[in-house]
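Colleague: I would like to learn how to read a few local features and an interface from a model. Could we take them one at a time?

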Amino acid sequence: MKMNGAQIFVESLKKEGVKVIFGLPGGVVLKIFDVLYDYKDPALVLTRHEQGAMHMAEGYAKATGKPGVVLVTSGPGMTNTVTGLADAYMDSVPLVVFTGQVSTNLIGNDAFQEADNVGISRPCTKYNYLVKDVNDLAQTIKEAFYIATTGRPGPVLVDIPKDVSMNQTEFNYPEKVYIRGYNPTYEGHKWQIKQAADAILKARRPIIYVGGGTVFSNAFEELREFADLTQIPVDMTLMALGSFPATHPLSLGMLGMHGSYASNMTIHHSDLIVAMGSRFDDRVTGKVSEFAPHAKIIHIDIDPTSIQKIMDVHIPIVGDVKCVLRELNQHLRTSVNGQRKEELKPWWNQIGEWQRKHPLTYTQEKNQKIKPQYMIDRLYQLTKDQNPIVATDVGQHQMWAAQHFKLDHPRTWLTSGGLGTMGFGFPAALGAQRAFPGRLVLGIVGDGSFQMNLQELATAMDHHLPVKIAIVNNGYHGMVRQWQDLFYNSRYSASCLGNCPDYVKLADAYGAIGLRATKPEEVDVVIKESLKIDKPVLIDFQVDPMENCYPMIPAGGANNEMILENPPELQNKEKEKTGAKKAGNGEKEGVLTA
Amino acid sequence: MEHIISVMVENKFGVLSRVAGLFSGRGFNIESLSVGPSMDPTVSMMTLVTRGDDRIVEQIIKQLNKLIDVIKVVDLTEGAFVARETVLIKINAKGEDRAEALRITDIFRARVIDSTPATYTIEVTGDTNKIDAIINLLRPLGIKDLIRTGRIAIAREEIKAAVQEKSPDKKRLELK
Ligand SMILES: Cc1ncc(C[n+]2csc(CCOP(=O)(O)OP(=O)(O)O)c2C)c(N)n1
Ligand SMILES: [Mg+2]
């Protein structure tokens, strides 16, 4: 059947099983939006900013494992997607992003709203296309989805000129794709896997170091079995949280810059690291030359460039974590004996000592300001039975959420790790809520970060996305202030947020619900209240503005050199000015509901 | 150490910028890059000359392989290979210098491809040593202009260069 490009676009998306498109229209994509007008499936979510659309698609993709789809116009529409592209590229999020382009005869003429979309996005996409002929459109879309979702996933951009969306051709959706330069390896090398199994059984101080790739590979059961069989402690990166149950006795929680004392000490003193779907990021290794000095490394990753990039690896295994673990478990099932617990007892005793020495704790005094750790802990305690999806922004609140919100289920953690994109959390929560209308989706967001994409409150209302957004309102770019405390003599250059909106009124202005807690005893009350409301809710938690996040490994420090609390000069300062300066809305009494 | 890497790529627009962008974006050193069509019209061949320690070169090769438009990468330096470069050199050549220029051209089995009363343009092909040598000899005459192609290289037949094949097509995901 003959169709125009816009129809081919929509029909191709249907073939790919796309249910939702996040986007915002403009001149050169009007034909496509016009065709979409007649469709319920895929449905369109109109966002208020293209960056919002990108993070929604990321949230959707991370929560579901399916590719997120975005449709925006040329020029500024495309340039507004760049942060999301870079974010998705860093965190290996499968996205297919369609951008409009000026007509093929105008390309290169500096036409109205023309931008070199393919040129701009090249370094922050896994691959990108400019479709010059409507006859190539279906094939290109097929390839785009294939590339985005296979191997190490990532964002793919498809640039569609206006005339391509108008021109007609026969629609034939290809069944298969073959790209000769693209053949990701899934099965690991058998001999290497055997070597790994031997090394694992020999090690006496082993550690599993799990990264985000384990999530994309859906290797949860395999990881669980691997850990149970071998009794090896599990360290997770920020990106991996949820891939192994945080409350499992073998879990040591997050490692790295703000990881737990025990997780960092364990990896530092280990004799064998089993790395999977992780890439030895500098936020994990700290000073590379002093990272795990006694350890042999087994590294499982689907992306060969991740292996041997930072660290010397003794047993590299290129492959999909799920496939490799399956094979590895098969070896281990026959070779582990009942002695594992006994063999690793001294190691676990040592780890237990570290855990007891510096657990992740906080103190909340009744008559003091709300401690951010306390409110996150309460949010966790009061919602954990509902298996919520948790989205965060970037900053202190993100790290506290990673430390205190104990996730036991995969694909419940939406955070921007590699790029560290403020403004990610709220739209990501909306994307996940759009995918799972019936589930509890929480945002734990920073007051600074939230203000970067708060326009999406309108999208939340339009599409009835009843997310519960907890604003950890410290009146600061808290993480910046913390670095200034520690490394810049507490000179708070541009970290105080000065004038902030009244978040309760803000919610009200959009027709959402705003709640506020200013005292510890109000925390539970507002959380419980929010859970009863079937609408988007913003909760303004006015927390202690001076709280700092520990443990912390200073950038470039070694993993066994953690700062565990405020250094003395900061502690004295804290005592001097009781009731430290608070930005934003003053001390409103009681619990306000809009 | 210097590495000469032969890269087989899709003959599509934008491929050169993907390769160039990889080098600039990751701070890899690139000494020369030459591209041309191959016997297969859908494929182009690139010869890349780069420098770096083992870890960096390993990364370069892996990163090249990761590019979707790259079909095959071979580090020629791991085996026996021949490399050649062509240079066009325009020199001042008046009076007695003209004879000297022709003599040098002759010694290096180079060719004069253009001539005016005051200049010669000389074409020379060879390995790096030969090219450097002729440039050094011609320099005293006064080099007006010089252009080099960058090296192209090919593995010797008898001793196969170590081939960094892309991961074999073992377990392709069956598409729904
Ligand atoms: C888009 C963007 N700009 C700047 C930064 C640098 N940065 C990292 S954390 C941070 C402060 C975040 O403040 P807030 O969202 O209030 O979180 P808090 O640390 O206070 O919990 C800044 C500015 C960033 N990560 N992203
Ligand atoms: Mg803040």
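Colleague: In which loop does Gln113(A) lie?

Modeller: Gln113(A) is in the loop between E5 and helix H6 (117–121) of chain A; helices (H or I, at least four residues) and strands (E, at least two) are DSSP runs, numbered from the N terminus. This is a predicted model, in which local features need pLDDT of at least 70, side-chain atom pairs count only at pLDDT 80 or more, and totals for chains, interfaces and linings use all residues. Residues are numbered from 1 along each chain as its sequence is written, chains are lettered from A and ligands numbered from 1 in the order in which they are written, and side-chain values use heavy atoms, with hydrogens and water left out.

Colleague: Which peptide bond ends at Pro42(A), and what is its omega?

Modeller: Most peptide bonds are trans. The bond joining Asp41(A) and Pro42(A) is cis, with omega about 5°. Pro42(A) belongs to the loop between helix H2 (30–36) and strand E3 (43–46) of chain A. A cis bond also runs from Tyr550(A) to Pro551(A), where omega is near 0°. Pro551(A) is in the loop between strand E20 (537–542) and helix H25 (568–576) of chain A.

Colleague: What is Pro554(A) in contact with, beyond its neighbours in sequence?

Modeller: Contact means heavy atoms within 4.5 Å. Leaving aside neighbours within four places in sequence, Pro554(A) touches Met257(A), Phe487(A), Glu561(A) and Ile563(A). Pro554(A) and Phe487(A) are 67 residues apart along the chain, with 9.3 Å between their C-alpha atoms. Pro554(A) lies in the loop between E20 and H25 of chain A and is partly exposed at 21%.

Colleague: Which residues coordinate the magnesium ion (ligand 2)?

Modeller: Donors are N, O and S atoms within 2.8 Å of the metal (3.2 Å for Na, K and Ca); water is not among the atoms, so sites may look incomplete. Here the donors are Asp447(A) (OD), Asn474(A) (OD1) and Tyr476(A) (O), at 2.0 to 2.2 Å. Their spacing in sequence is D-x26-N-x1-Y. Asp447(A), in helix H20 (residues 447–450), and Asn474(A), in the loop between strand E18 (468–473) and helix H22 (478–487), link distant parts of chain A, 27 residues apart. Asp447(A) is buried at 1%, and Asn474(A) is buried at 5%.

Colleague: How many residues of chain A are in contact with chain B?

Modeller: In chain A, 34 residues are in contact with 32 residues of chain B. Between them the chains bury about 2900 Å², 47% of it on carbon and sulfur atoms; buried area is the accessible area (1.4 Å probe) that two parts lose on being put together, summed over both. Tyr127(A), Arg180(A) and Thr305(A) supply 23% of the area that chain A buries against chain B, more than any other three residues.

Colleague: How many salt bridges are there between chain A and chain B?

Modeller: A salt bridge is a side-chain nitrogen of Lys or Arg within 4 Å of a carboxyl oxygen of Asp or Glu. The count between chain A and chain B is three. One of them pairs Asp312(A) with Arg55(B), whose closest N and O atoms are 3.2 Å apart.

Key:
Buried means under 20% relative accessible area, exposed over 50%, partly exposed in between (1.4 Å probe, protein chains only).
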